[in-house]
Amino acid sequence: MLLSITGLSKSFPGTRALDNVTFNLEAGEVHALLGENGAGKSTLIKCLTGAYQRDAGEILLNGQAIHPRSTNEAQDLGIGTVYQEVNLLPNLSVAQNLLFGREPLRFGMTRGRAMRAEAEETLRTYGLDIDVTRDLGSYSVAVQQIVAIARAVQLSGKVLILDEPTASLDAEEVRMIFEVVRSLRDRGLGIIFVSHFLDQVFDLTDRLTVLRNGQHIVTERTSSVDRMQLIEHMLGHQLEEVEEKARSARGSEPDARPELLRFEGLGRRGDVEPFDLRVGQGEVIGLAGLLGSGRTESAEIMFGARAAQSGTARDADGAIAIDTPRNAIAAGFGFAPEDRKTDGIVADLSVRENIILALQASRGWARPIPRSEQKRLADMFIYRLDIRTSDAEKAVGALSGGNQQKVVLARWLAMNPRFLILDEPTRGIDVGAHAEILLLIQEMTAEGMSILVISSELDELIAISDRVIVVRDRRHVAELTGADIDRDTIVRSIAAPDAADGKAA
Amino acid sequence: MSRTLLRIAPQAITLVVLVALISVVFPGFLDISISDGRLVGPAIDILKRGASVALLAVGMTLVIATRGIDLSVGAIIAICGAIAAWGITNDYSLGTTLMMAVAAGLLAGLWNGTLVAVIGIQPIVATLILMTAGRGVAQLITEGRILTFSNDQFAYLGSGDLFGIPVPALLWPVTGVLFAIAMRRTALGLLIEAVGINRRASALAGINATLLLIAVYMASGFCAALAGIITTADIRGADANNAGLWLELDAILAVVIGGNSLMGGRFSIAASLLGAMIIQTIDTGILLAGFPSEYNLVIKAGLVIAILILQSPRLGATWTYWRYALFSRQRGGATQAVREGQE
């Protein structure tokens, strides 16, 4: 065993990012590390590369316990990393990048010719015959990635971590990288491959490990797992209690709802292909799909946070403008984004100010909400959503993730929107708050609000949705209603076409 | 109200301590006498001379609250001063002249704001453009000369006095109060703070962040125009090379001494104004205290460093820690010893 991790745990305030995780890597294998956002992949990698210090657990490299305290230390131990964004220096030459910090010297001066020769020789073993004196930035991202890999291997040479190295590459470039990775595997390196592209995982890797919510779910040989099982592992199975409640509550005739909104042909090249969507009054629409499938992009286009290149939105009274968030809000929309910290809360402002922010923005600056009214609204929502805070004047940044999410929800509820978009409303929050938010969604729709929920947790979607739209490869590929809303159908739609083909064959 | 007082307490205390220090070295520091129906004394002098920086600090506070910075205000002083001098020497009425100068300031702010908010250039770079180009513009207006005039009405704005107090010494508090009211009696202050802390989240909450950013730079341009008018009026002439020179740095310093974070967010105009007065008190105090003039800048730097270190949040945390440690040793020492014994 080249690398062996046991009992690895790491907590951050409010979340347990890794919980007793096991992972092992053999020399001469490519091992995929999979999981949705927040599953703990990057925390695991950061513990390995020394960017984070683990709270508990053991990491053995060739049987020796290691405690890397920095990326440099990890490198010296033999663990190198290549990230999605090439983190080399584009304005230096390929050779300089490759040998940075270890340039061949004579009398304290670098030897240009020796450097060039060494760089050329190194890259030739990667099947790359390029002019190493040109700036790195003048080459394609694929070439830059290979240079980054070569550098990482030269510096460390035992374990190579590839963190989504193919995210911005086309098919031909991916093939180039894969060849390099395979040759490194044959040389005996252990390679950890992180990717959201399941095709690539099946194509390249020998084994795979799935993490979910900071926990180790499964490690298996890639060849013995099928795509549907894998998606099941990644999306998980939780919240049966809420599910039970909702199943009984789900209306039998979903089409009986009066139509509230209708989106036609909304799309934006590179983000999501044009899609149509009807929204019924008081309806919960679930948007299912893997990360990067175009689900968040769909939501952002509907809210005007991302400009649509085509399409219209209309309600009973005719066309409505949704080209900017301001217009969408004026049309009665609300949007609680996926990344609370960067897009949702205004951390240094108080709970009160965060809650009244959207309401104040829509009233305009000249008509401030009276302080007493602000206080009343804030206290009401703190009570109604059970926001755990010492008082309304506490800075939102000091609250836990679940309570921050409730503050963002309160901001929109204060607006009383008719259509509310919730992107991953329950990610990274504790179980109690999780169930509360789902119950809240049910309450709000009972009052006639329409809600669109994006979630990686299928059970959550199944529990609360009247209708589920499946997004795959930037297209809306399926619409499920009534009895069709179950795990198997959704997973099959997400996994298609391969899985469907497999079934037919 | 008590919140506001608590917010400006460090600056107020600093100012009082400074005044006390200077009074020790120069006993007549706080003396105010009346001559020819006007108040005279070092304190009045500080209120008047600090007017330009104080005015700039008002606008700069808002810009910095949005996580920006405006390096061009010194140059805008030169431009607006030049336009005012040009207008008055070309026999425009005083009202028209002042309106032209203010309009120029607003236009300069519109330029800065557009570069920052619409085109997306970093504020320090965007305003650097006008900082360097602005004096050139001013020189074109004055045709490279020091444009002097002899209009007593206009000069009154710089060197006249109302109820015995110099006009500039009245102008900056009035401007500051009006801006503070505009910020806190409307929602502007909250919206500016929100944009400064998290522009994207604010935009998603429906705040028109682009418009707000442009407005903030225009406010800064407006304040610089006022400063340009009083500077020109005071010396009865427009000096494109030297009017407002380096004042942008004093204005930024005033905002920082006022405890406003360069990272944007919460702001206090009152604290910035106290910061401006602290700077002017140091300047004037050093002269009065009779130090050789070559020591001025070094002493000023030393005092500023001392003030900033005293305000540092990290030091504050350390101070809290030590106070707690000393407190518990004196009072709670016995109980602590017992507890330790048990463990």
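Predicted model: local features only at pLDDT ≥ 70, side-chain atom pairs only at ≥ 80, totals over all residues.

Student: OK, and α13(A) itself, how many residues does it have and how far does it reach?
Tutor: α13(A) has 13 residues and reaches 19 Å from its first C-alpha to its last, close to the 18 Å expected at 1.5 Å a residue.

Student: Where does α13(A) bend?
Tutor: At Leu357(A), by about 50 degrees.

Student: How many residues of α13(A) are buried?
Tutor: 11 of its 13, so α13(A) is mostly covered, given that a residue is buried if 20 or more other C-beta atoms lie within 10 Å of its own.

Student: Let's do the interface then. How many residues of chain A and chain B are in contact?
Tutor: 24 residues of chain A are in contact with 20 residues of chain B. On the chain A side, α11 (325-330), α12 (340-344) and α13 (351-363) each supply at least two residues. The largest share of that side, six residues, comes from α13(A).

Student: And by class, what does the side of chain A that touches chain B have?
Tutor: That side has 15 nonpolar residues, four polar and five charged.

Student: Switching to chain B. How do helices α5 and α11 of chain B cross?
Tutor: The axes of α5 (residues 94-118) and α11 (residues 209-235) of chain B come within 7 Å and cross at roughly 145 degrees. The crossing of α5(B) past α11(B) is right-handed. In the contact of α5(B) with α11(B), the residues divide into 20 nonpolar, nine polar and no charged.

Student: Back to chain A. Is α5(A) largely enclosed or open?
Tutor: α5(A) is largely enclosed by the rest of the structure, because 12 of its 15 residues are buried. Those include Gln144(A), Gln145(A) and Arg151(A). The helix covers residues 141-155 and reaches 21 Å from first C-alpha to last, close to the 21 Å expected at 1.5 Å a residue.

Student: What packs against the buried residues of α5(A)?
Tutor: They pack against β6 (79-82), α3 (94-98), α4 (112-124), β9 (159-163) and α6 (171-186) of chain A. Just after α5(A), Gly157(A) takes a positive phi of about 85 degrees.

Student: Which residues have a positive phi although they aren't glycine?
Tutor: Asn62(A) has one of about 55 degrees, and Arg474(A) has one of about 65 degrees. Asn62(A) is in the loop between β4 (56-61) and β5 (64-65) of chain A, while Arg474(A) lies in the loop between β21 (467-472) and β22 (475-481) of chain A.

Student: Are they buried or exposed?
Tutor: Asn62(A) is partly exposed, with 14 other C-beta atoms within 10 Å. Arg474(A) counts as buried, with 21 C-beta neighbours inside 10 Å.

Student: Last one: what is Ser298(A) in contact with, leaving aside neighbours within four places in sequence?
Tutor: Val272(A), Phe275(A), Leu287(A) and Val471(A). Ser298(A) is found in helix α10 (residues 295-303) of chain A, and Ser298(A) is buried, with 31 other C-beta atoms within 10 Å.

Definitions and conventions: Residues numbered from 1 in each chain as written. Chains lettered and ligands numbered in written order. Contact = placed C-beta atoms within 7 Å. Helix = DSSP H or I, 4+ residues; strand = E, 2+ residues; numbered from the N terminus. Nonpolar A, V, L, I, M, F, W, Y, C, P; charged D, E, K, R; others polar. Expected span 1.5 Å × (residues − 1). Bend = angle between axes of the 7 residues up to and from the residue. Axes fitted to C-alpha atoms, helices over the stretch in contact; angles between N-to-C directions. Left-handed = near helix turned anticlockwise from the far one by under 90°.
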